[in-house]
Amino acid sequence: IMLVDVPSIRSKWVGETEKNIKEVFDRYERLAKESDMAPILLFNEADALLCKRSEGAVGSVDKMENAMQNIILQEMEKLQGIMIATTNLTGSLDPAFERRFLYKIEFEKPTPKESQHIWKAMLPELSDKDALELAKTYAFSGGQIENIARKQLINNVLADSEELDISAIHEACKQENMGKKQMRAVG
């Protein structure tokens with residue numbers, strides 16, 4: 001897997017970002033020729049590069065962004081390999097990029113049963129009953145459950161305790177929501 005470090009591609013110098021993008025695809029092509037198996041070109045948080053282009057761009061920044069995106073589109077067209085792009089902001093992707101991806105996979109939040117397993121994996125000391133209650137109450141992604149488990153660990157370290165505080169976990173769940181509707185319908 002060739003992970004693309006998006007922030008390192010961008011440059012404040014005119015033409016440098018475009019050169020860096022071209023180098024990413026050239027480096028991938030060299031890696032593909034040297035490898036027995038097809039490598040994967042991975043753009044994590046791709047919306048930073050593949051966002052909607054500015055129509056009728058007038059400003060120099062918009063023109064540079066459009067030029068950069070046009071180079072990526074050209075490179076994608078001729079890519080002989082596997083490219084994966086991840087994003088949580090699919091609505092911000094330019095339709096020209098969307099058309100170039102053969103497969104689009106949406107990862108939905110886990111079901112309560114799947115969520116219960118994640119809770120238990122992140123906080124093994126949770127009882128099955130408490131894990132199921134959390135899973136049924138909060139519609140969290142695995143990453144959100146991991147955040148809460150980390151908060152529990154930090155709280156335990158700060159309190160010099162190994163006790164599991166289910167009320168503190170529920171409070172962390174409420175904080176994780178921060179006003180969002182992520183509670184499951186109970187019924």
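A pocket, for these notes, is an open set of grid points with protein on both sides within 12 Å along at least five of seven lines. I'm working on a predicted model here.

**Overall fold.** I started with the element list. I got 8 helices and 3 strands, and from the N terminus on they run β-α-α-β-α-β-α-α-α-α-α. Then I checked burial: of the 187 residues in the protein, 33% come out buried.

**Largest pocket.** Next I looked up its volume, which is about 1100 Å³. How many residues line the largest pocket, and which lie nearest its centre? I found 26 in the lining, with Ala85, Thr86, Tyr103, Lys104 and Ile105 nearest the centre. Sorted by class, the lining splits into 14 nonpolar, 6 polar and 6 charged residues.

I also wanted to know where the lining comes from. Helix 3 (60–78), strand 3 (82–85) and helix 4 each put in at least two residues. Which element gives the most to the lining? That's strand 3, with 4 residues.

**Surface patch.** Tyr103 and Ile105 turned up again when I went over the surface. Together with Leu102 and Phe107 they make a nonpolar patch of about 640 Å².

**Phe107.** Last stop was Phe107, which sits in the loop between helix 4 (95–100) and helix 5 (112–122). Buried or exposed? Its relative accessible area is 74%, so Phe107 counts as exposed, the cut-off for that being over 50%.

Methods. Residues numbered from 1 in each chain as written. Predicted model: local features only at pLDDT ≥ 70, side-chain atom pairs only at ≥ 80, totals over all residues. Heavy atoms only, no water. Patch = residues over 30% accessible without salt bridge, like charges linked within 9 Å, V, L, I, M, F, W, Y side chains within 5 Å. Areas by Shrake-Rupley, 256 points an atom, 1.4 Å probe, with all protein chains shown as cover. Salt bridge = Lys/Arg side-chain N within 4 Å of Asp/Glu carboxyl O. Buried < 20%, exposed > 50% of the residue type's maximum accessible area, 1.4 Å probe, protein only. 1 Å grid on protein atoms, 1.4 Å probe; cavity = no way out; pocket = protein on both sides within 12 Å on 5 of 7 lines; lining within 4 Å. Points joined across faces, edges and corners; volume = space filled by probe spheres on them. Nonpolar A, V, L, I, M, F, W, Y, C, P; charged D, E, K, R; others polar.
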